[in-house]
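User: I want to learn how to read helix packing and ring contacts. Can you take me through them on one example?
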Amino acid sequence: SRSYSSHNLNEIENTINTDLHTISIWSRKWLITFNPNKKNVLFFSNIYNNVDLNFLFDDKRLFPVPEHRHLGVILSADCKWSKHVDSIYQSCMKKICVLRKLKYILNRQTLLKIYKCFIRPVLEYASEVWDGCSQSDIQRLESLQLEAARIACGLPVFCKKEYVYLESELEPLETRRERKKLVLFYKMHNRLVPSYLSDLLPPLVSQTTNYPLRNNNDYTMPNIRLSLSEKSFLISTTSTWNSLHAEVRSKPTSQSFKMALRTTTHKIPAYYLYGKRKSNILHTRLRHICSSLNYDLFRCNLIPDPSCNCGNPCENAYHFVLECPLYLQQRAIMMNTLSHIHYFNIQLLLSGDESQPLDYNNTIFHAVQQYIVESKRF
């Protein structure tokens with residue numbers, strides 16, 4: 001591929017045609033044949049919509065195209081990434097549909113591993129290049145991860161996304177893309193990448209002034225006029241890099257730098273994974289107030305009345321597990337199983353106690369999940 005930029009359209013046409021003529025001469029000399037029908041011209045501009053430039057290769061005219069896929073990334077003439085994001089969305093949605101069919105067959109760990117190995121890499125491929133996409137595109141991609149996380153954890157669409165991230169232990173894709181850009185910038189800064197990338201870095205503040213300023217080790221920010229430029233990799237990441245603590249920027253290896261950027265994520269207790277798949281899902285939904293109990297549906301405006309069939313005005317998790325007279329026999333079995341626990345409440349039954357041993361919490365979760373299944377409420 002060959003690229004050239006200029007404010008003068010005639011200059012662009014003349015330069016590219018000269019290069020095409022040189023390539024044509026070289027190909028004839030070395031008996032190499034190029035197919036002009038497979039050559040594309042992509043004119044990037046946010047000013048000119050319809051540009052009539054005459055590019056010739058082997059006496060055949062090359063016509064501009066609105067978009068072109070290069071190394072798996074769709075480049076659009078309007079400098080936007082909607083086409084590429086749409087391509088990612090369509091590809092990953094097919095994989096997520098397959099994941100959905102495995103929802104009650106595989107456990108949570110396996111489903112998350114499938115997502116991380118086969119879906120998330122597609123969502124993040126070359127993200128350093130296209131991370132300047134629009135907010136609506138960012139939300140579309142994030143919705144794919146949330147859907148995969150909901151499938152793995154068994155949570156419904158009306159569950160708060162904070163709970164989905166908590167149960168799945170996943171980070172937002174936007175956070176991961178920001179970290180990937182900083183890691184690439186670190187490699188450029190330390191000359192761990194080819195020179196054509198490192199040479200793109202702007203000069204340091206210390207190279208532009210003789211004064212001993214506090215930010216001498218920062219990179220200078222170029223003057224920009226368009227928000228499109230502000231979102232580009234070099235501009236946006238330079239700003240983020242300058243905001244990092246000096247201790248983080250001076251890490252000796254890219255791996256240690258990456259670890260310094262990683263935020264501490266909450267790890268769910270091991271007993272959250274206890275039980276058969278279906279009963280574990282029902283238990284998880286009760287824990288995050290997103291089950292099919294009438295109160296949980298009512299608070300999301302899915303039904304008009306939160307009352308229980310027993311007549312209680314509010315069928316929430318507390319009422320269902322500890323009070324409802326419709327499940328007296330099932331509750332008696334649960335209480336008998338947990339008779340060694342002197343005091344418990346709904347929080348303990350749904351979330352366990354992290355200060356206690358694993359067997360202690362597994363016993364609680366076994367009793368509660370048995371109650372949920374035997375009640376036949378769901």
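Analyst: Start with a helix pair. Helices α16 and α18 run roughly antiparallel to each other, a label for angles over 145 degrees. Note that this is a predicted model: local features need pLDDT of at least 70, side-chain atom pairs count only at pLDDT 80 or more, and totals for chains, interfaces and linings use all residues. Residues are numbered from 1 along each chain as its sequence is written, and side-chain values use heavy atoms, without hydrogens and water.

User: What angle and axis distance do α16 and α18 have?
Analyst: Two packed helices are described by the angle between their axes and the distance between those axes. Here α16 (residues 328-337) packs on α18 at about 170 degrees, with the axes 9 Å apart. The axes are lines fitted to C-alpha atoms over the stretch in contact, and angles run from 0 to 180 degrees between N-to-C directions. Helices are DSSP runs (H or I, at least four residues), numbered from the N terminus.

User: Which residues of α16 and α18 meet?
Analyst: Contact means heavy atoms within 4.5 Å. From α16 come Gln330, Arg331, Ile333, Met334 and Thr337. They meet Ala367, Val368, Gln370, Tyr371, Glu374 and Ser375 in α18. The contact residues divide into five nonpolar, four polar and two charged. Ala, Val, Leu, Ile, Met, Phe, Trp, Tyr, Cys and Pro count as nonpolar, Asp, Glu, Lys and Arg as charged, the others, Gly among them, as polar.

User: How many aromatic pairs are there in the whole structure?
Analyst: Rings of Phe, Tyr and Trp (its six-membered ring) pair if their centres lie within 6.5 Å; planes under 30 degrees apart are stacked, over 60 edge-to-face, the rest tilted. A search of the whole structure finds eleven pairs. Take Tyr271 and Phe365: their centres are 5.2 Å apart and their planes at 75 degrees, so the pair is edge-to-face. Tyr271 sits in the loop between α12 (254-261) and α13 (277-287), while Phe365 is in α18 (residues 358-375), 94 residues apart.

User: Are Tyr271 and Phe365 buried or exposed?
Analyst: Buried means under 20% relative accessible area, exposed over 50%, partly exposed in between (1.4 Å probe, protein chains only). Tyr271 and Phe365 are both buried. Val373, also in α18, is partly exposed at 44%.

User: Where does the charged end of Arg140 sit?
Analyst: A charge sits over a ring if NZ of Lys or CZ of Arg is within 6 Å of the ring centre and within 35 degrees of the ring normal. The charged end of Arg140 is over the ring of Tyr89, 4.1 Å from its centre. Arg287 lies over the face of Tyr272, at 3.8 Å from the ring centre.

Conventions:
Helices (H or I, at least four residues) and strands (E, at least two) are DSSP runs, numbered from the N terminus. Angles under 35 degrees count as roughly parallel, over 145 as roughly antiparallel, 65 to 115 as roughly perpendicular and the rest as oblique.
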